Amino acid sequence: MRSVRQCQRIFFLCLFSVSVFAPIVFVSRRLQNISSIGRKEFIEDISAVKHRPDVLKLNSDEQEGGQSLKEPKLVVYEDRGFGSVANYSASDKIDGDVEDSIDAGDKPEVQRNGTSTRSSKEDQKMQKKVVPTKSHGKDDPTRTVVQRIQKSPARGSTDKKVKEMKDQLVRAKAYLNFAPPGSNSHFVKELKLRIKELERAMGDPSKDTNLSRSAWQKSRAMEASLSKASHIYSDCSAMATKLRAMTYNAEEQVRVQQDQAAYLLHLAARTTLKGLHCLTMRLTAEYFALLPEERKFDNQQKVHDQDLHHYAIFSDNVLACAVVVNSTVSSALVLPLLFKPMDPEKIVFHIVTDSLNLPAISMWFLLNPPVKATLDIRSMQDFEWLSPKRRSALEKHNSRDPRYTSALNHLRFYLPDVFPLLNKILLFDHDVVVQRDLSELWNVNMMGKVNGAVQTCQEGEGSFRRMDTYINFSDPFVSERFDPNSCTWAFGMNLFDLQEWRRQNLTAVYSSYLQMNGRDPLWKAGSLPLGWLIFYNQTVPLDKRWQILGLGYDSGIPRSEIDRAAVIHYDGVMKPWLEIGIGKYKGYWSRRISYHHPYLQQCNIHE
């Protein structure tokens, strides 16, 4: 019995020794068959893999399709020459540095998937870089490797993926609406999760390059869920109906928001700034503290001198009047050497305001008189010929905006009565800034017409206006007398021949139109369309360089055009003294104000 066990033990030990030593002997014999040349090539192959350039970026089309990620092959092109290059097709999106552009005579491209997808024109847009592989530190000129090649994307496709992701969100929400109310199925949970993940991953990008890697991954996951939803909800007509309903709701929301924004914008335009109200109150208090003889301005004998240049401003804003006066005087003092500077002593400013703001405006110019220029400041309540009946007629307009119903705004149509001793006057709106000397305007040939203004009839420009935009041409009275295609013009800087105005009695025409508008609306609220009717065929076009419009509503005006204009006009609701004013234009206005003035500092008025 003992001998049997001993034999079994010996047998098992022999089997164990065979199982241990046999593999060792087998592997050692196989290793001996590997030659030194084979070992060298094996090491070179390993080295080539280790030091190979970074893998190429995936094709964007493959990413969008949600296919599995595959590493592009390392293309090796062997040739006897030294400049051989292997290129990927133009549809490949490859990262890397760009050096030389490919010429038309380059070697044929290596095809992917057995087909060529690049035309010769696209070849010329590709770029190449030759990188020789190394073997034991020595260059091998017969082997070249394609370096990463980058093709610059088209301009129109830089936000293609962003738009696609937004469309995915819309489609997902549309599918989500097909689910029954209160449904909490597995697919509904999945779709809600995909929407939340994609919105969080996207953020608010404007270009594809701003998207994170997670956003691309979430987009692929969303596309898979949408594909599943298209099989669950396969009714195309129901989907189309739902998308139309969503589009209509979105458009309605946009319209409501636009209306609300427009209302708030106009409300802000009609609001008096706290600092401006403070300034008016302080100036008014100082004005009434003066003696009657201290309230008078110098050189009042020049107010009616026909040989001087007369400028009129109708305003209730003290800072706006200050900017117009200061900019006009300073522009007359700074001229090129080729021109003779205009003497500021020939400038007379006529400021017409209401009785409430007369003390403040008067006090400001008593404290800050313009250099050598003459000032004439009056209240419209002092005009005896402007009866209460006429004032009430001015306010009968279908508008809640006080800028349109203000008697001060319509007083411009009574210029011959306001200045009975003058023959010519240049009217300014209070939202303009003068940048050039205006003395040449007084030499313009009026050709027997009343109004000289810059026209706004050039279609395509921001200031373009048509008469039928603001005037009711369905009324027979209007359609028989006026052409809707006739050229329009702008208020803001207008040269008026008051003698010709009186001769044609245009103020009476204004009164008759005003009465007719009270019965049947002929124009929209505002004095501009009324001016088009009154001065129809009575306007001389001025060169556009005299005045540029739109600084109160158009943020795209080139700086070169602004600097070239003699007068810049902040027409629109975004005035430069308001918080809603366009920031990049405010400097032209604010540089004409001395913000270190004590009153401005005390009222917290700053740039």
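**Reading the terms in a predicted model**

Reader: Which residues of α5 are buried?

Author: In this predicted model, the buried residues of α5 are Lys-161, Val-162, Met-165, Gln-168, Leu-169, Ala-172, Ala-174 and Tyr-175.

Reader: How do you know that the span of helix α5 is close to the expected one?

Author: Helix α5 covers residues 160–178, which is 19 residues.

Reader: Why does Ala-269 count as buried?

Author: Buried means under 20% relative accessible area. Ala-269 has 17% relative accessibility, so it counts as buried. The residue lies in helix α8, residues 236–270.

Reader: Which residues is Ala-269 in contact with, leaving aside its neighbours within four places in sequence?

Author: Ala-269 is in contact with Val-573, Leu-578 and Ile-580. The C-alpha atoms of Ala-269 and Trp-577 are separated by 9.9 Å, although these residues are 308 residues apart along the chain.

Reader: What makes α9 roughly perpendicular to α11?

Author: Helix α9 (residues 274–288) and helix α11 (residues 358–367) pack at an angle of about 75°. Angles of 65 to 115 degrees count as roughly perpendicular, so α9 is roughly perpendicular to α11. Their axes are 8 Å apart. Among the residues of α9 that meet α11 are Leu-279, Leu-283 and Phe-288; on the α11 side, Met-363, Trp-364 and Leu-367 are included.

Reader: Why is one side of β10 and of β14 left without a neighbour in the sheet?

Author: The open sheet has three strands in the order β10-β15-β14, with mixed pairing. β10 (432–434) and β14 (547–548) stand at the edges and each has a single partner strand, so one side of each is left without a neighbour.

Reader: In what sense do β10 and strand β15 pair, and over how many bridges?

Author: β10 and β15 (residues 567–569) pair in the antiparallel sense, over three bridges. Two strands pair if there are at least two bridges between them, and three bridges meet that condition. Within this pair, Val-433 stands opposite Ile-568 in β15.

Reader: Which residues have the most contacts inside the largest nonpolar core?

Author: Leu-279, Phe-365, Phe-428 and Leu-438 have the most contacts inside this core, which has 67 residues. Helix α10 (residues 318–333) gives the most to the core, with ten residues. Another core, of 42 residues, lies apart from it and includes Leu-427, Phe-473, Phe-491 and Tyr-510.

Reader: What does Leu-438 touch, not counting residues up to four places away in sequence?

Author: Leu-438 touches Tyr-311, Leu-426, Phe-428, Trp-546, Ala-566 and Val-567.

Methods. Residues are numbered from 1 along each chain as its sequence is written. This is a predicted model: local features need pLDDT of at least 70, side-chain atom pairs count only at pLDDT 80 or more; totals for chains, interfaces and linings use all residues. Side-chain values use heavy atoms; hydrogens and water are left out. A nonpolar core is a set of buried Ala, Val, Leu, Ile, Met, Phe, Trp, Tyr and Cys residues joined through side-chain atoms within 4.5 Å. Buried means under 20% relative accessible area, exposed over 50%, partly exposed in between (1.4 Å probe, protein chains only). Helices (H or I, at least four residues) and strands (E, at least two) are DSSP runs, numbered from the N terminus. Contact means heavy atoms within 4.5 Å. The expected span of a helix is 1.5 Å times one less than its number of residues. Axes are lines fitted to C-alpha atoms, for helices over the stretch in contact, and angles run from 0 to 180 degrees between N-to-C directions. Angles under 35 degrees count as roughly parallel, over 145 as roughly antiparallel, 65 to 115 as roughly perpendicular and the rest as oblique.
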